[in-house]
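Let's take a quick tour of a protein structure, one piece at a time. Have the picture open while you read.

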Amino acid sequence: MKDLDLAPIAITKPADMIMVQLRDLISAGTLKPGDKLPPERVLAEQFGIGRGYVREALKRLEFYGILKTLPQSGTRVANLSVRLLDGLIANVIRLEKSDLEAMIETRGIMESGAARLAAQRATLKDSDHLEHLFNRYKEKALKGQPAMDEDMLFHLKIAEISGNRVLQSLISLLVPEVHHLSFQKNTCPPERLLVAVKEHEQILQAIQQKDPDKAFEAMQRHMQQTTASL
């Protein structure tokens with residue numbers, strides 16, 4: 001049989017389709033910079049799709065500064081030129097979401113800084129809460145369970161303890177996405193879990209000891225080992 005020169009078919013994701021429609025509305029002038037978007041529930045009804053997909057699209061656009069969400073003001077299109085907004089959305093759609101290594105690298109830069117700040121600013125109550133989250137993670141991980149939720153909560157708590165609201169917001173957007181892709185790619189087999197428990201413990205101890213440099217280095221090692229396991 002003759003080989004045909006066929007190109008792979010790209011399966012468009014619902015969130016990407018939502019972003020394309022929003023880009024078209026902005027390009028056509030239907031949505032203007034500063035305009036308020038309808039509530040998530042209304043958008044889901046109009047798109048005829050689950051709210052989860054709408055939420056994913058909006059979070060990605062917000063992460064890259066295309067949308068702005070303010071308390072009691074809702075979600076609005078950023079006050080940028082239409083041409084710039086169009087280009088930004090196009091870049092987000094083209095972004096290779098499966099590039100897990102790059103996402104972990106970016107996360108590592110942010111989380112190492114958050115760990116340093118957490119070691120400087122953690123109260124006794126913060127340290128106790130973080131230790132509680134670590135113990136929940138350790139209990140599951142030592143049983144060979146992925147413990148993805150417990151792992152995520154541990155990292156998000158460190159971001160919260162850092163006291164930097166901007167850093168916390170960025171990490172809270174990135175961490176769930178990385179965990180989702182990690183679960184899909186099964187990047188944390190049982191043997192990796194045992195090592196990860198020790199790495200988490202080192203991060204916890206550094207924060208409890210209020211040693212910023214040690215906390216930074218412990219988180220950095222953890223992220224480097226996570227990347228190496230891909």
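How many residues lie between β1 and β2 in their hairpin? The answer is 3 residues, and Gln 72 sits in that turn with a positive phi of about 65°. Before going on, keep in mind that you're looking at a predicted model.

Now for the strands themselves. Strand β1 covers residues 67-70 and strand β2 covers residues 74-77. They run antiparallel, and 4 bridges join them. If you want to find one of these pairings, look for Lys 68: its bridge partner in β2 is Arg 76.

## Two helices side by side

Next, find helix α6 (residues 124-141) and helix α7 (residues 148-161). Their axes are 8 Å apart, and the two helices pack at an angle of about 165°. Angles over 145 degrees count as roughly antiparallel, so that's the label α6 and α7 get. Their crossing is left-handed.

## A buried arginine

Last stop: helix α9, which spans residues 190-208 and holds Arg 192. Is Arg 192 buried or exposed? Buried means under 20% relative accessible area, and Arg 192 comes in at 10%, so it counts as buried.

Arg 192 also has a partner: a polar contact of 2.8 Å joins its side chain to that of Glu 199.

Note on methods. Residues are numbered from 1 along each chain as its sequence is written. This is a predicted model: local features need pLDDT of at least 70, side-chain atom pairs count only at pLDDT 80 or more; totals for chains, interfaces and linings use all residues. Side-chain values use heavy atoms; hydrogens and water are left out. Buried means under 20% relative accessible area, exposed over 50%, partly exposed in between (1.4 Å probe, protein chains only). A polar contact is a pair of N or O atoms within 3.5 Å; within protein, one must be able to donate a hydrogen and the other to accept it, and residues adjacent in sequence count only if both atoms are side-chain atoms. Two strands pair if DSSP finds at least two bridges between them. Axes are lines fitted to C-alpha atoms, for helices over the stretch in contact, and angles run from 0 to 180 degrees between N-to-C directions. Angles under 35 degrees count as roughly parallel, over 145 as roughly antiparallel, 65 to 115 as roughly perpendicular and the rest as oblique. A crossing is left-handed if the near helix is turned anticlockwise from the far one by less than a right angle, and right-handed if clockwise.
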